[in-house]
Amino acid sequence: MRPPRKVTRKNGESDKLETGSEMKSVILAGGQATRLRPLTCLRPKAMVPIANTPFMEHFLNYLRSYGVTEAILALGHLPDQIRDYFGNGDRIGVRLIVSIEDRPLGTAGAVKNAERYLDDLFLVFNGDVLTDIDLGAMLEFHHRSRALVTIALVPVEDPSAYGVADIDDTGMIRQFIEKPPRDKALSNLINAGIYLISPDVLKRIPSGAFSMFEKDVFPGLSAAGKLYGYCSTAYWIDIGTPAKYLTANHDAVAGRVKLGLRGALSGQPLIAGTECRIAQDAEITGPVMIGNKCVIASGSRINGPTAIGDSCRIGRNVVIDQAVLWDNVTVEDGAVLRHCVICSNTTIGTGVKMLDGCLVGENVTVKKDSLIDRGCCIWPDRVT
Ligand code: GDD
Ligand code: MG
């Protein structure tokens, strides 16, 4: 956890973000996560594990490390799993308020729906970005610029899947365009999905109607000279596609993003939980993270970065190469898994070969000796 940094406003009041009091945050986590299916057929994107911990838990830890003590979760798709897991947030140390939409209201509509909790400068997060962007520095920038909204911006190679900003020397956003064609992108600086928003902006959002910051709010604010971009080169990834989800896991296990994971940053090749039985001749080339109560039998080879959840059983002479296994996965003798994601309660039969980019949903059985070709998806509850 980084040391608290005191940020002082012009009027001498100390700011709330770093001092642990009241800055509120809204986390947008109500999307359907269709691009991540089959991983998100039975669980919301916020609950998919990154390095064996639900994504939202990393996120709340990140907020807490800045002294944020209260977060409003704007939920829609499968909200009960998130509520059941986090409760009122006591365990994590961030007080949680749940705001549920009967139907999706869009990114801005979801925040408007939580308006009653928001009366001062607040933070909004897309609930699917894994990052260690410095929120304290962003807040300082926001106060200096006197913007109504400050967006965190990060550089990417291909901006066409994101909101793109064109900024001037002061950071003012001259133009904001959501998902432009690659040849129409004004820069490679994209919306990182983190906003500091003055409550006055809520007046620009209609109540009870679908509305998006990216299309309905930011362009108007930009035209009025009130939208600024805080540029960061910190770690940032949107976990919302299978390839990015796998990369986020690799980066988390390898310690490329500051998550405070046990051992990850100290470069240990193997981080294993409690009550694991790992055969002496199993060959583990790190970084590999293994949960509690796992068994890895003789002759198996595991190449990192790989994450293996709790209660997994890996048979003899299995090869697992840069993969992600959720909880309670059984991999029988001689199976080979490369660059794939295997969800919970799944059995991979003896001798199965699974090539790059395969995604196997929850509660699946893959029969022995099957060859699962590159990029195949197996839906939950199947025997195949
Ligand atoms: N509550 C609620 N209601 N949440 C929503 C809704 C909604 O109607 N729609 C989307 N969300 C949540 C999603 O769950 C996700 O956490 C976040 O808002 C962003 O939605 P995505 O569907 O993942 O958007 P995107 O990745 O295509 O684009 C957005 O994120 C990019 C950065 O990752 C945009 O904000 C882009 O401008 C941005 O660059
Ligand atoms: Mg996204």
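Student: Which residues touch the most other members of the largest nonpolar core?
Tutor: Leu60, Leu63 and Leu130 do, in a core of 68 residues. A nonpolar core here is a set of buried Ala, Val, Leu, Ile, Met, Phe, Trp, Tyr and Cys residues joined through side-chain atoms within 4.5 Å; buried means under 20% relative accessible area (1.4 Å probe, protein chains only). The model is predicted: local features need pLDDT of at least 70 and side-chain atom pairs 80 or more, while totals for chains, interfaces and linings use all residues. Side-chain values use heavy atoms, without hydrogens and water, residues are numbered from 1 along each chain, and chains are lettered from A and ligands numbered from 1 as written.

Student: What gives the most to this core?
Tutor: Helix 1 (residues 55-65), with 6 residues; helices are DSSP runs of H or I, at least four residues, and strands are E runs of at least two.

Student: And what coordinates the magnesium ion?
Tutor: Asp128 (OD) and Asp238 (OD) coordinate ligand 2 at 2.2 to 2.3 Å. Donors are N, O and S atoms within 2.8 Å of the metal (3.2 Å for Na, K and Ca), and water is not among the atoms, so the site may look incomplete.

Student: Where do the two aspartates sit in the chain?
Tutor: Aspartate 128 is in the loop between strand 6 (122-126) and strand 7 (129-131), and aspartate 238 is in strand 13 (residues 236-238), 110 residues apart.

Student: Are they buried or exposed?
Tutor: Both aspartate 128 and aspartate 238 are buried.

Definitions and conventions
Buried means under 20% relative accessible area, exposed over 50%, partly exposed in between (1.4 Å probe, protein chains only).
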